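Visitor: Could you take one part of this model and walk me through it closely? I'd like to see how it sits among its neighbours.

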Amino acid sequence: MKLDKLLELGLIRRIPKSKEKAEESIKTAKVWLKEAENNFKNRSLRSCVLVSYLAMFHAARAILFADGFREKSHFAMARYLEDKYVNKGLLEDKWVKLLDYYREMRHGDQYSTSFFVTEKEVQSALESARSFVERMRKLLYSKSD
């Protein structure tokens with residue numbers, strides 16, 4: 001979905017560009033990563049999945065803040081990255097696919113009465129979140145150069 005359509009549907013809205021909010025969002029992502037690590041260590045596996053996704057969410061959100069946008073939908077944030085970065089060869093599509101995958105997993109965890117994850121799946125979520133946050137941080141700072 002293109003940015004124009006996201007704006008038209010109200011799924012993304014324009015805000016002033018903010019390097020400060022972008023940096024705060026990366027810091028928030030790192031705090032959520034630490035929380036996810038603690039959840040994993042404490043065997044709070046479902047919580048680890050939720051919090052790993054939140055780390056990814058805040059890292060992706062940093063890019064939008066830097067560009068002067070704010071999401072009104074988690075789905076739209078992935079579509080924004082796809083349109084503005086993946087389609088222009090500035091970001092590998094695997095990152096958007098990861099964000100979508102864990103967004104859907106988080107949705108299942110939050111709303112399903114029969115959600116179950118294995119330790120291996122949770123460890124993968126945590127590792128994916130670490131990599132995703134780092135990739136968004138690199139993307140953010142490559143934009144500043």
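This is a predicted model: local features need pLDDT of at least 70, side-chain atom pairs count only at pLDDT 80 or more; totals for chains, interfaces and linings use all residues.

**A close look around leucine 81**

Guide: Leaving out residues up to four places away in sequence, Leu81 touches Ala60, Ile63, Val86, Leu91, Val96, Leu99 and Met136. Leu81 also belongs to the largest nonpolar core, which has 50 residues. Within that core, Leu81 is among the residues that touch the most other members, along with Ile12, Tyr80, Leu91, Leu99, Phe132 and Met136. Six helices each put at least two residues into this core: α1 (3–8), α2 (19–41), α3 (45–67), α4 (74–86), α5 (93–111) and α6 (119–144). The biggest giver is α3, with 15 residues.

So what does α3 look like? Its 23 residues reach 34 Å from first C-alpha to last, close to the 33 Å expected at 1.5 Å a residue. Of those 23 residues, 19 are buried, so α3 is largely enclosed by the rest of the structure. Just after α3 comes glycine 68, with a positive phi of about 90°.

Now for how α3 meets α4. Their axes come within 10 Å and cross at roughly 55°. That angle makes α3 and α4 oblique to each other, and their crossing is left-handed. On the α3 side, the contact is made by Tyr53, Phe57, Ala60, Arg61, Ile63, Leu64 and Asp67. On the α4 side, it's His74, Met77, Tyr80, Leu81 and Tyr85. There's our leucine again, and both Ala60 and Ile63 are on its own list of contacts.

Staying in α4, have a look at arginine 79, which is found in that helix too. Is Arg79 buried or exposed? Its relative accessibility is 7%, so Arg79 counts as buried. With residues up to four places away in sequence left out, Arg79 touches Met1, Leu6, Val96, Asp100 and Arg103. Val96 also turns up among the contacts of Leu81. For a sense of distance, Arg79 and Arg43 are 36 residues apart in sequence and 33 Å apart in space, C-alpha to C-alpha.

That leads us to α5. The buried residues of α5 are Trp95, Val96, Leu99, Asp100, Tyr102, Arg103, Met105, Arg106, Gly108 and Asp109. Val96 and Leu99 from that list are touched by Leu81, while Val96, Asp100 and Arg103 are touched by Arg79.

Note on methods
Residues are numbered from 1 along each chain as its sequence is written. Side-chain values use heavy atoms; hydrogens and water are left out. A nonpolar core is a set of buried Ala, Val, Leu, Ile, Met, Phe, Trp, Tyr and Cys residues joined through side-chain atoms within 4.5 Å. Buried means under 20% relative accessible area, exposed over 50%, partly exposed in between (1.4 Å probe, protein chains only). Helices (H or I, at least four residues) and strands (E, at least two) are DSSP runs, numbered from the N terminus. Contact means heavy atoms within 4.5 Å. The expected span of a helix is 1.5 Å times one less than its number of residues. Axes are lines fitted to C-alpha atoms, for helices over the stretch in contact, and angles run from 0 to 180 degrees between N-to-C directions. Angles under 35 degrees count as roughly parallel, over 145 as roughly antiparallel, 65 to 115 as roughly perpendicular and the rest as oblique. A crossing is left-handed if the near helix is turned anticlockwise from the far one by less than a right angle, and right-handed if clockwise.
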